[in-house]
Amino acid sequence: MEAAADEERPLVPHLLPSQDEDSLYTSDGTVDINNQPALKRTTGNWRACFLILGTEFVECFVFFGVAKNLVTYLTGELHESNVDAAKNVSTWIGTCFFTPVIGAFLADTYWGRYWTLVIFLSIYSVGMLALTASASLPLLMDSLHNSGTRHVVVYLGLYLVALGEGGIKPCTSALGADQFDGTDPVERVTKASFFNWYYFSINIGSLLSGTVLVWAQDNVGWGAGFLIPTVLMAFGLAAFVAGRRVYRYKKLEGSPLKSVFQVVVAAIRNYNLGLPEDSSALHEVPSPVEPNCKIQHTPQFRFFDKAAIVTTSTDQKDVAVSESPWKLCTVSQVEELKMLVRMFPVWASMVLFFTATVQMSSTFIEQGAAMDNRVGSFTVPPVSLATFDVISVMVCIPVYDAVLVPLARRATGRDRGLSQLQRLGVGLALSVAGMVYAALVEARRLELARTGKLMSIMWQAPAFTVLGAGEVFTAIGLLEFFYDQTPRGMKSMGTALAQLTVAAGNYLNSAVLGAVAAITARGGEPGWITDDLNEGHLDYFFWLMAALGAVNLLHFLHCSLRYSMHTVNP
């Protein structure tokens, strides 16, 4: 058996007899492109992450290049109203963060993260081609300028892009985290920094799209504004594929959702059985991938423990073979489901955070359009104020990594400084502060508008800055939290669940906008959000968002005190 194992392991040139061969390979089960144990020296770590971060930069440059100015495109080119455009933008952004559930399922179950990225990057490119056509063809064919055909092409392109996002958003961060061996103390600490720099690359793409690309859209034309990111996306796909030999790959472990459903079905089937007093009597077998890796039993949600009740007196190995997995599950399977259930209250608390941040892509831009956008000799497009959000993120990430974490580490004794839940809570508090400030600015803007004066658009900058700082804590912390706390075979799905909070936040924003518009416009009243914001009360809407955020923060604090992190036996 030992000889056979040696034959399967690739030969390492110049390996001295005294060297520990195992230390040259990763210990977390990752393999290289040839399905051989991954060499630490030539695969993974930052050498692979640079390519993955580059792919994420390209995706974000393209995505934000579309998203940031989309409300302007819909109102100016397709002649949609302010409310309809804001709702459509929120719905589309929400879909971009909902489709990752589909991509994550395919990545974890069938294709793996690499091939999922290749396929969905290709779909994304087709969507961008459709958007480019929607902007370019009307210049050649006047009959298409205001036709229904143009609407169809625009929304076809947008939702192909949304589908493409489904494979990219859950897989880039998870594939990047896979490049660090969790059993190696040095690489494990480095992985925590990866999530910070992953979000940093997102915001570099956002910064350039909010300045260079928005300028091209406003001054050169929408055809060029969509063509540039389309070409860049094609280059990004080629570069990502070129790095396939340096990536580390996780082996697929079967459908993670199937395992979850098996626990639910088995627990229901064993409903009438009594639980043993000693949890060690519950069914457990070693993992086929890492034999010594088991998840500790927890006393919460004891109903699901019924799925692991052994109903025969046969040996454990015989039970594993004879019993249907839909009637008998292992303790580890049960605990994986418990992890997902335990995370749900935290997940729900994050939805309103993203309902607040999506204002930067909708109502903040409409607010900026009603302000004085002249700054000295420059004219600042309202969408470009989002640059302050990006700058805030880019400044706060290095400060967080280099200053705050070491200080917090000395105070708390934790490697990461703040706990993941503490980090999320700080971000929620900052989002409430950002909405309070936005409400105060809008109230002042309305006062000036009644006297015929315009308020400088630069008063919006602090709102973008505060929300950007909130993203450093909450958006990054959420990715790290879900990657760490989801079961080992569901890492892409864990990332997708984190992205799903963004989708839910955007869908909730669309629903709130529609409800506010319908309720406040009754009886012939103009409503809070009108095409002419000077006739409405957008400040009331911002106050509503701040109040909802404050209640949500209290809910999160309650949930975080009750939450317990899962542990895995080494």
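Modeller: Buried here means under 20% relative accessible area. This is a predicted model.

Biologist: Fine. Is D178 buried or exposed, then?

Modeller: D178 has 1% relative accessibility, which is under the 20% limit, so D178 counts as buried.

Biologist: Which side chain does D178 meet in a salt bridge?

Modeller: That of R113, at 2.6 Å from N to O. The pair links distant parts of the chain, with D178 in helix α5 (residues 148-178) and R113 in helix α4 (residues 100-140), 65 residues apart. R113 has a relative accessible area of 10%, so R113 is buried too.

Biologist: How many salt bridges in the whole structure?

Modeller: A search finds 9. Among them is K169 with E165, at 3.2 Å. Both residues lie in helix α5, 4 residues apart, about one turn of the helix, and both are buried.

Biologist: Which residues are networked with K169?

Modeller: E59 and E165 are linked with K169 in a network of salt bridges.

Biologist: What about E442, which side chain does that one meet?

Modeller: R445, at 2.9 Å. Both sit in helix α13 (residues 420-450), 3 residues apart. E442 is buried at 0% relative accessibility, and R445 is buried at 1%.

Biologist: Changing topic: how many disulfides?

Modeller: The count is 0. As for cysteines, C329 is buried at 1% relative accessibility, and C559 is buried with a relative accessible area of 10%.

Biologist: And the surface, which residues gather in a patch of negative charge?

Modeller: D84, D531, D532 and E535. E535 is in the loop between α15 (491-520) and α16 (538-562).

Methods
Residues numbered from 1 in each chain as written. Predicted model: local features only at pLDDT ≥ 70, side-chain atom pairs only at ≥ 80, totals over all residues. Heavy atoms only, no water. Patch = residues over 30% accessible without salt bridge, like charges linked within 9 Å, V, L, I, M, F, W, Y side chains within 5 Å. Areas by Shrake-Rupley, 256 points an atom, 1.4 Å probe, with all protein chains shown as cover. Salt bridge = Lys/Arg side-chain N within 4 Å of Asp/Glu carboxyl O. Lys, Arg positive; Asp, Glu negative; His and termini not counted. Charge placed at Lys NZ, Arg CZ, Asp CG, Glu CD. Helix = DSSP H or I, 4+ residues; strand = E, 2+ residues; numbered from the N terminus. Disulfide = S-S within 2.5 Å. Buried < 20%, exposed > 50% of the residue type's maximum accessible area, 1.4 Å probe, protein only.
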